[in-house]
Amino acid sequence: MGTFLIIASLLTHQLEVIVVKSYGDKNKPGGSFFNAIICFFSMLFFIITDKGGFYFPAPLFIYGVISCLGYAAGFYFTYLAFKCGSYANTKLLSSVGTVLTVLYGTIFLKEESNAVTWLAVVLILLSAALMNMRKKGDDTYPFNIKWFIYVMLSVLGNFVITVVKREQQLRFDGKCDNEFLILSLLGAFLFLFAHGLVNDKKALRPALKSGTLFGALAGMFNGATNLLSIITLLYVPISIVSPIKSGGALLLSFVVSRIIYKEKFTARQLVSAFIGVFALVLFKLA
């Protein structure tokens, strides 16, 4: 069950990212408004799919406020990173977030880990480093410090989401998951919309006109990914889920970037993709 859920969440996440990048490639302004639209439709996903009625205990709002900031940062800075760098490099550098999640799971949640687990973590980091390494004179995708900062901020935002999501599950014994995500996504929607009004008000109408369809699709895929992630954490420890998803995303990102975006790879980068897949196998064995 756990393996099926992880694969399904990887596919829905890749579809979401493809839609977001497609919009960003064609429409440069209005990033805050576009990501607010994604949050809005992702929130609708959980309102529509709820079956047990809504229950919002007061402590849940604390988790929701912290989580909404993570969602806002994760959505917005990932969007900016895709505008500055290649699909594969952005996704591969994002895999460094695995280390943070494994540390959180093993230190704070006392989840089991072993030498094989940490070897796989090191291999994922090595894979990301090799993929992003540049030879002198190679300006196909030159290193961009803004891109690097955007990716690291998106990693931090996604780490906050993962940690708060798991802490909320533990605090409420697996209940209020829909309510938690509704609060998180509603808060992120309001934050991003307000950010857009302050910094890029003129882009509101173009973003609504050209971004609503893209945002609706991305939002529904995001909702499905979040739902699958929540269910997965009920079956598999977080310190195992995150590395396996990172390894799987590594492989899928490589395939998508080559087939859809026609990005070319050197022999060194092909080796890095193989190392990432091997790390995924190690996590499975661990």
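A: Leaving aside its neighbours within four places in sequence, Ser-229 is in contact with Ser-9, Lys-165 and Lys-245, where contact means heavy atoms within 4.5 Å. This is a predicted model, in which local features need pLDDT of at least 70, side-chain atom pairs count only at pLDDT 80 or more, and totals for chains, interfaces and linings use all residues. Residues are numbered from 1 along each chain as its sequence is written, and side-chain values use heavy atoms, with hydrogens and water left out.

Ser-229 belongs to helix 9, residues 204-233; helices (H or I, at least four residues) and strands (E, at least two) are DSSP runs, numbered from the N terminus. With a relative accessible area of 11%, Ser-229 is buried (under 20% relative accessible area, while exposed is over 50% and partly exposed lies in between, with a 1.4 Å probe and protein chains only).

On a 1 Å grid over the protein atoms alone, a cavity is a set of points where a 1.4 Å probe fits but cannot get out, and lining residues have an atom within 4 Å of a point. The lining of the largest cavity counts 41 residues, and His-13, Lys-91, Asn-158, Thr-162 and Lys-245 lie nearest its centre. Among the elements that give two or more residues to this lining are helix 1 (2-26), helix 7 (145-171), helix 9 and helix 10 (238-259). Helix 10 gives the most, with 8 residues.

Elsewhere, Cys-176 sits in the loop between helix 7 and helix 8 (177-199). Its phi is near 65 degrees, a positive value in a residue other than glycine. Most residues other than glycine have a negative phi. Cys-176 is buried, at 9% relative accessible area. Ile-48, in helix 2 (residues 31-49), is instead exposed, at 62%.

As for the whole chain, it has 11 helices and 0 strands. Buried residues make up 54% of its 286 residues. Of the contacts with a separation of 6 or more, 91% are between residues 24 or more positions apart.

Key. On a 1 Å grid over the protein atoms alone, a cavity is a set of points where a 1.4 Å probe fits but cannot get out, and a pocket is an open set with protein on both sides within 12 Å along at least five of seven lines; lining residues have an atom within 4 Å of a point.
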